[in-house]
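Me: I'd like to learn how to read contacts and salt bridges in a model. Could you take me through one?

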Amino acid sequence: MADTNASPPSPELFIRPTIPSDSPAVSRICLLTADAGVSAESLHSAGELPGLMYAEPYVHLPECHGFVLVDPSLPGKKGEGEAVGYVLVSFDTRGFEQSRLVDWFPPYWEKYPLSAVDAEVTESTPAHLRSLTPQDKHYIRTIHKPHTAEDTQIAFSPAHLHIDILPEYQRQGWGKKLIGRAVKYLKEEKGLDRLWLGMDPRNTNAKSFYARLGFQEIPDTPVGTVGLRFEDWNDCM
């Protein structure tokens, strides 16, 4: 006899391509994983700053594509659930670097002027600039002078990615599935055979994860850069 008091099974998580309206969700995920894989909320008063640099541009600029992991049991827009992880790629890193200067950063240069980093707070200081933390100031400097990829990174591949998953959804195989979708997209849609990423060297769990998938350090690139040759993609962890 069926247990009529049993709870219905939870809807299964799923992966779909990003859309521009995912911008707030990927920004939130970025903040909640920005401190070497854990939340950076306590490090910021302007919590949107990490995402402005490392997440949101990838759902808006033409040199990019991505996928989000969605938990349909969570409240979200139009009842479709909420994004709890992402993989974001640029298949043309040099083009992306140029587009973000022209089409992405200018409104935020105005919102977060470089002068705010060293300015004394007064009654005329806008409210969102009155309690800037050291990490806020670091990101303000970064969006005004964003770093660019090294030539050695571009020589390995024009494509790079960012991946973040909320801690409670990690270690369930979703990271591998997200990267697999990115690999498939770059290979089949863009004709590429490699990609690279930069990781925080403090995140030893991430380093081990990437190694299991076939990522290797790239000689003569910044510390934390690892690359994947698609022929080395390990689809059987």
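Predicted model: local features only at pLDDT ≥ 70, side-chain atom pairs only at ≥ 80, totals over all residues.

Me: Which residues have the most contacts inside the largest nonpolar core?

Reply: A nonpolar core is built from buried residues joined through side-chain atoms. Here the largest one has 64 residues, and those with the most contacts inside it are Ile179, Leu186, Leu195, Tyr210 and Phe215. Helix H7 (residues 174–190) gives the largest share of this core, seven residues.

Me: Now the charged pairs. How many salt bridges does the structure hold?

Reply: There are eight salt bridges. For each, look at the closest N and O atoms, then at where the partners sit. Arg28 pairs with Glu82 at 3.2 Å. This pair links distant parts of the chain, with Arg28 in helix H1 (residues 23–33) and Glu82 in strand E3 (residues 82–90), 54 residues apart.

Me: What about Glu48 and Lys111?

Reply: Their side chains meet in a salt bridge at 2.6 Å, N to O. Glu48 lies in the loop between H1 and helix H2 (49–54), while Lys111 belongs to helix H4 (residues 106–111), 63 residues away.

Me: Is Arg202 buried or exposed?

Reply: Exposed means over 50% relative accessible area. Arg202 counts as exposed because its relative accessibility is 55%. Its salt-bridge partner Asp200, 2.7 Å away between the closest N and O atoms, is partly exposed at 26%. Together with Asp35, Asp200 and Arg202 are linked in a network of salt bridges.

Terms used: Residues numbered from 1 in each chain as written. Heavy atoms only, no water. Core = buried A, V, L, I, M, F, W, Y, C linked by side-chain atoms within 4.5 Å. Buried < 20%, exposed > 50% of the residue type's maximum accessible area, 1.4 Å probe, protein only. Helix = DSSP H or I, 4+ residues; strand = E, 2+ residues; numbered from the N terminus. Salt bridge = Lys/Arg side-chain N within 4 Å of Asp/Glu carboxyl O.
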